[in-house]
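Thanks for coming. Please look at the sequence and the structure on the screen while I talk.

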Amino acid sequence: MSFSRATFVACIAVVLCSPAALGQKPAPQPWMNPSLDPDARADLMIHEMTLDEKIQLVHGNGWGVLRDGAPVASRHNGGAGFVPGIPRLGLPDINLADSAVGVRMAALNGRYATLLPSVLGMSASWDPDAAFLYGSVIGRELRAQGYNMSIGGGVDLIREPRNGRNFEYASEDPILAGIMVGQLARGVQSNHIMGDIKHYALNDQETGRNTLNAILNLRALRETDLLAFQIAIGLAHPAGVMCSYNRINGDYACENDYTLNQVLKRDWGFKGFVLSDWGGTHSTVKAALAGLDMDQPGDDNFFSDPLKQAVLAGTVPQARLDDMVHRIVRSMFAAGVIDQPPMPRSVVDPFRGRDDAQSIEEESLVLLKNAGGILPLSAAKVRSIAVIGGHADVGVLSGGGSAQVDSPGGNAVDPKMGASVWGKAVYFPSSPLRYIREQAAPDAHIAYDAGTDPAAAAKTAASAQLAIVFVTQWMSEGQDSATLSLPDQQDALVAAVAAANPNTIVVLENGGPVSMPWAANVKGILESWYPGIGGGQAIANILFGRVNPSGKLPVTFAATEADLPHPQVTGLTPRTGNNGADAGGARNQARNFPVDYNVEGMAVGYRWFQEKNKQPLFAFGFGLSYTHFVYSDLGFMRSATIYVTFTLRNTGAQAGDEIAQVYVTLPASAGEPFRKLAGWKRVSLAPGASQTVTIPLDQLCLSIYSPTDDKWTRPAGDFLFEVGGSSAELPLHQTIDLDSARLAAVDLPNK
Ligand code: NOJ
């Protein structure tokens, strides 16, 4: 082949006139054009990728920091997952961090992260803005720590009140759970962080989670557990959806064609990628064809070379691999992690985080009992208080497992520097005792007793004007509680204190619902959930009335296990371990049993109690205030959607927030003999003020799903609407036939 002079000149010209030689920047790669949409940008980039580069993107890089001795890649940021990027194409690494209630493993990496209240606690605020703020704290701190993807966003329904992870979840009601977690994920993503919703789906107990087969008929599945996911995903458009460990009606969740391909991707139009829970992948071809897009953490080698070979052999079409890669890359463009990568050198602001955590907690505390108006406490009148138990002298409890946030300075009850240990209750340094002391009169006598000996605690209580008992229930991923009872004989402690002092107030720090055999014998009960790093201050602010309580229960509190659809946790044999619960983890791996959720079907939580005519200890939606609200003037309006309107008046002497709730009972033909939450609004009212409240009703709340026709329809007939401040106290009600009723037409936005 001859090399002509013209060719030579042309080559020299290219070299001499290249942008670099001319001192110019090279032309940006075409996918870096931000005016193109994320799908177009992803397609342009993927066109340049080799098969090996594509395979590299669809699996994680191994257990890394999660497993002792596992290799850690050099650009790994120290979180739960790492997927190396493709520098030659300008595609960054994906660094994923567990971040259910704050960023995990921060101290391990020499960093700080804010501990927020539990997700269940935040959900008790029923405040979508608080949920957004919650997510934005997580997103902000992920970004400051150099991560670009969150793997929080738990939205599994609370079907099993003894589930160890209920503190990571939002509610037993799909509408409340879906909206709150959707807003949380929006908050995360508002920081140019890829968000995630998990664990898809029916990961509703920890016992046997790796192998159990969750059984639920398709109508109930779509109207309950999947509805929560549908709402959250529809609101947030998260980058990722994490499929769960368990099986769903036979197939593992990470190779379940129905839930992944048919529902998530086809019916809901999900554009992001499905990533497996860590070790939740069980196959290569089946999982790939069923809709799994990323295998995590990747050590099982399902989506590495075996997937490459399957693509070369044609058992997984090339187009399917391209679809996986497209979903990942388009999500990176859509979230902004390519155009606006995180700034690892910025630092977390602990004070801002603490203030945000406290303000969320102050909306989330639920006052469950206030006999004789014992609360709020008056600093002028209270001369002596016995504060008892719960390590209230040093801090507040947090939840365990992969949602564990590291406590600054180490565990407040056992202060050693370093990271938190799996399997051990961790307290954060926000001492309720300290803030109670701060708010009481300077000369008031505030005694503390650890509560380990009920007789000694009762003696301390007897000598004080009033007693405040802190009780705790530590819960964690990997294990459920065998019972609803508080562990460590704390029921006996409360009973002894209440017998010694008629003015006893109980403050709960717990993962989920607990029974309270002593409820009738105490004057005050305050539910603080896991209250987060501002918990001590928030609790004291409610006790002394600086903040008016306004949270409402996002989950039913049963009086006893006998009232639950499953009186025992399915598959749990009470053995040793915390709370009499299964020790979980590895021992659960061997299990393989059905969990029959058809027992309650659509009647989850409060619906079960109504259908079976059982009285809960505290009803879904219940919570007291220091003021009083009156409901009147129920009405309906219609524009594109249907609205319920009513008047809400604050008849008390102080400002307060009411969470006004609308429930609907569908026509009898629907076969759903219970009321369901259809909408709500959190309303702030000055003393004496009133407001006309208008609440739009989502069509999904008024419809039923038919698996035969694969569609949602609104049944014909009479709908009962009920409005009030709790699922068990609904002063306004009206039955209307939505097809024939003439509803006033209004011009209102749909949301
Ligand atoms: C297993 C947990 O179920 C999941 O929520 C978590 O994100 C991963 N481990 C990674 O830590």
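The largest nonpolar core has 167 residues. Among its members, M49, Y200, L307, V329, F646 and F721 touch the most others. This is a predicted model, so please keep that in mind. Take L307: beyond its neighbours within four places in sequence, L307 is in contact with I55, V58, T284, A288, F302, V316, L321 and M324. Another core, of 33 residues, lies apart from the largest one, and its members include V366, A461, V494 and V555.

Next, N370. This residue is in strand β10, residues 366-370. Is N370 buried or exposed? Its relative accessibility is 18%, and the cut-off for buried is under 20%, so N370 counts as buried. The side chain of N370 reaches the backbone nitrogen of I374 at 3.1 Å. Leaving out neighbours within four places in sequence, N370 is in contact with L375, K523, L624 and Y626.

Now the aromatic rings. How many aromatic pairs does the structure hold? There are 13. One of them is W126 with F620, a tilted pair, with 5.4 Å centre to centre and 50° between the planes. These two residues are 494 residues apart in the chain, and both are buried. W529 and F557 make an edge-to-face pair, with 6.3 Å between centres and 75° between planes. Here the separation is 28 residues, and again W529 and F557 are both buried. Ring pairs also join W126, Y606, F620, Y663 and W680 into a cluster.

Last, charges over rings. R222 lies over the face of Y705, 4.4 Å from the ring centre. R247 lies over the face of Y252, at 5.7 Å from the ring centre.

Notes: Residues are numbered from 1 along each chain as its sequence is written. This is a predicted model: local features need pLDDT of at least 70, side-chain atom pairs count only at pLDDT 80 or more; totals for chains, interfaces and linings use all residues. Side-chain values use heavy atoms; hydrogens and water are left out. A nonpolar core is a set of buried Ala, Val, Leu, Ile, Met, Phe, Trp, Tyr and Cys residues joined through side-chain atoms within 4.5 Å. Buried means under 20% relative accessible area, exposed over 50%, partly exposed in between (1.4 Å probe, protein chains only). Contact means heavy atoms within 4.5 Å. Helices (H or I, at least four residues) and strands (E, at least two) are DSSP runs, numbered from the N terminus. A polar contact is a pair of N or O atoms within 3.5 Å; within protein, one must be able to donate a hydrogen and the other to accept it, and residues adjacent in sequence count only if both atoms are side-chain atoms. Rings of Phe, Tyr and Trp (its six-membered ring) pair if their centres lie within 6.5 Å; planes under 30 degrees apart count as stacked, over 60 as edge-to-face and the rest as tilted. A charge sits over a ring if NZ of Lys or CZ of Arg is within 6 Å of the ring centre and within 35 degrees of the ring normal.
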